[in-house]
Amino acid sequence: MLRLVSLKLGRLYRYVKLAVLGSLAAALVLNTHSLLASLQRNELSERRFLQLNKCPACWGTSWCRKFLNGQLRLESWGRLRLLDFFNVKNVYFARYGEPREGSRRVVLKRLGSAQELADIDTKICRRATGRGRCDLLQALPATEFASLNGDVRLLTPGAVEGWSDLVHCPSQRLLDRLVRRYAETKDSGSFLLRNLKDSERMQLLITLAFNPEPLVLQAAVEAFPFPLSSASWHEVVMWYGSGSDPRELQPSKYQPCFPDDVQGIESFPSDEGWPFAKYLGACGRMVAVNYVGEELWSYFNAPWEKRVDLAWQLMEIAEQLTNNDFEFALYLLDVSFDNFAVGPRDGKVIIVDAENVLVADKRLIRQNKPENWDVWYESKFDDCDKEACLSFSKEILCARVTVDHNYYAICQNLLSRHATWRGTSGGLLHDPPAEIAKDGRLEALLDECANPKKRYGRFQAAKELREYLAQLSNNVR
């Protein structure tokens, strides 16, 4: 019966899709002249389209030269402004070209819908002038986004706590990392705010409050915090060997030892391996990120072996974001098939929507010891009637060291029979081969991971599920 309902919903989804395409075709015929004009223009080189006039109430300017020089062009369908009606999330695909490297596909995001972007303008104006419309450049200095201008040394938790999921419970260590990795300044690499211009500080704070996704992507690619020539190779190795955190080293403690180390040491890659799309830059209210590949949803009916490998990677992502050497727990609060993509060549699963990520600093939790901080927390299963829903408490995520939220989110919304998306059910691991279905172990682990029956059952089920999926996909652990 459930399977029949699923098929009917899937058929209804296809009918609606066809109706939308038919309406679109009619609109194209009626607006042929304006459409041809749109196809010939490169709007990505126009300041108005980029909303560059909104700065510093924008996301940055690091890629403006590339945009304005015409190095980015929207792909054919993206040039049709008529389609913006359907592009609610304001996400575009474009080609980015370098003279010696050829062109490649990138993803452009406005980070919000047209209404959401208009709302932030209205809020800025109301806070500054009491009116809904104003000159943003004149209004910004009278808002909290300018509160850190001038001779303010650090971005502190008290200034931004609760502004967004990213900083629902920020630690100083997290904020220092965000400032140090902020890519929309020429002087990145320092955690001191005084190294940022006032306009860059306002851009940072507005991004943090409106949609912190660019900051998540930037903070997830951590370069060594100071030039390697300012520390001796021996002392760096000894610091690592001592079990201390090299990110807390202060450059002033070291004197140059090997002047050629900058070019010669390959042991400190700029990428720590976090599973997020690569941030490229911004211009006005448009950010550019690396194109990863097709969304996870397109693999829903892929061959069984492929789906097993993707499921294993998803569980590895859940583990990495929960337990890592940096002792930051990154909890995914919005998990759906559209928020992940798969690389076409390496088959690697990457998170492509990082707006709703809550970061808890486990070191700070251990230090402050809030009530029940060392009691394992089990997320509550939520059998709601909506797609991709999750049940969680941000306060508890911020106050416990051991939390199973990411395992719960991946299992419930992507892998198990409880996962529903676009009229389908059964999750990514639906319809397993007969011998696996008969064995029953996979189904049992998925059920316990999504809706545990034993106390702390999800923790053990997630561990066993990772191992079992690795075995099925021949991944060597």
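Where pLDDT is low, the predicted coordinates should not be read in detail. The protein averages a pLDDT of 82, and 77% of the residues score at least 70. This is a predicted model, in which local features need pLDDT of at least 70 and side-chain atom pairs count only at pLDDT 80 or more, while totals for chains, interfaces and linings use all residues. Residues are numbered from 1 along each chain as its sequence is written, and side-chain values use heavy atoms, with hydrogens and water left out.

With that in mind, the overall architecture can be described. The protein contains 19 helices and 12 strands; helices (H or I, at least four residues) and strands (E, at least two) are DSSP runs, numbered from the N terminus. Of its 477 residues, 49% count as buried, where buried means under 20% relative accessible area, exposed over 50% and partly exposed in between (1.4 Å probe, protein chains only). The accessible surface comes to about 24000 Å², of which 52% belongs to carbon and sulfur atoms; the areas come from the Shrake-Rupley method with a 1.4 Å probe, and for residues only the protein chains shown count as cover. Among contacts between residues at least 6 apart in sequence, 70% join residues at least 24 apart.

The largest nonpolar core has 95 residues, of which F276, M315 and F340 touch the most other members. Such a core is a set of buried Ala, Val, Leu, Ile, Met, Phe, Trp, Tyr and Cys residues joined through side-chain atoms within 4.5 Å. Helix α13 (residues 304–322) supplies the largest share of this core, 10 residues. Apart from it lies another core, of 20 residues, which includes F49, L52, C55 and Y92. Beyond its neighbours within four places in sequence, F276 is in contact with V216, L217, A220, L321, L330, I350, I351 and A354.

A search of the whole structure finds five disulfides (pairs of cysteine sulfur atoms within 2.5 Å). One of them is formed by C64 and C283, with their sulfur atoms 2.2 Å apart. This pair links distant parts of the chain, as C64 is in helix α4 and C283 in strand β4, 219 residues apart. The torsion about the S-S bond of C64 and C283 is about 100°, so this disulfide is right-handed. C64 is buried, with a relative accessible area of 9%, and C283 counts as buried at 0%. Setting aside neighbours within four places in sequence, C283 is in contact with L50, L52, G60, T61, W63, C64 and F67. The C-alpha atoms of C283 and L52 are separated by 6.7 Å, although the two residues are 231 residues apart along the chain.

A further disulfide joins C169 to C398, S to S 2.0 Å. C169 lies in the loop between α7 (157–160) and α8 (172–180) and C398 in the loop between α15 (394–397) and α16 (405–415), so the pair ties together parts that are 229 residues apart in sequence. The S-S torsion of C169 and C398 is about -80°, so the disulfide is left-handed. Both C169 and C398 are buried. In the disulfide of C411 and C449, the sulfur atoms are 2.0 Å apart. This pair connects helix α16, which holds C411, with helix α18 (residues 441–450), which holds C449, 38 residues apart.

The structure also holds 17 salt bridges, each a side-chain nitrogen of Lys or Arg within 4 Å of a carboxyl oxygen of Asp or Glu. R285 forms one with D121, the closest N and O atoms being 2.6 Å apart. R285 lies in the loop between β4 (279–283) and β5 (286–290) and D121 in helix α5 (residues 114–129), so the pair ties together parts that are 164 residues apart in sequence. R285 is buried, with a relative accessible area of 0%, and D121 is buried at 12%. K54, D121 and R285 are linked in a network of salt bridges. Another salt bridge joins E319 to R466, with the closest N and O atoms 3.6 Å apart, and both residues are buried.

Technical notes. Contact means heavy atoms within 4.5 Å. pLDDT is the predictor's confidence in each residue, from 0 to 100.
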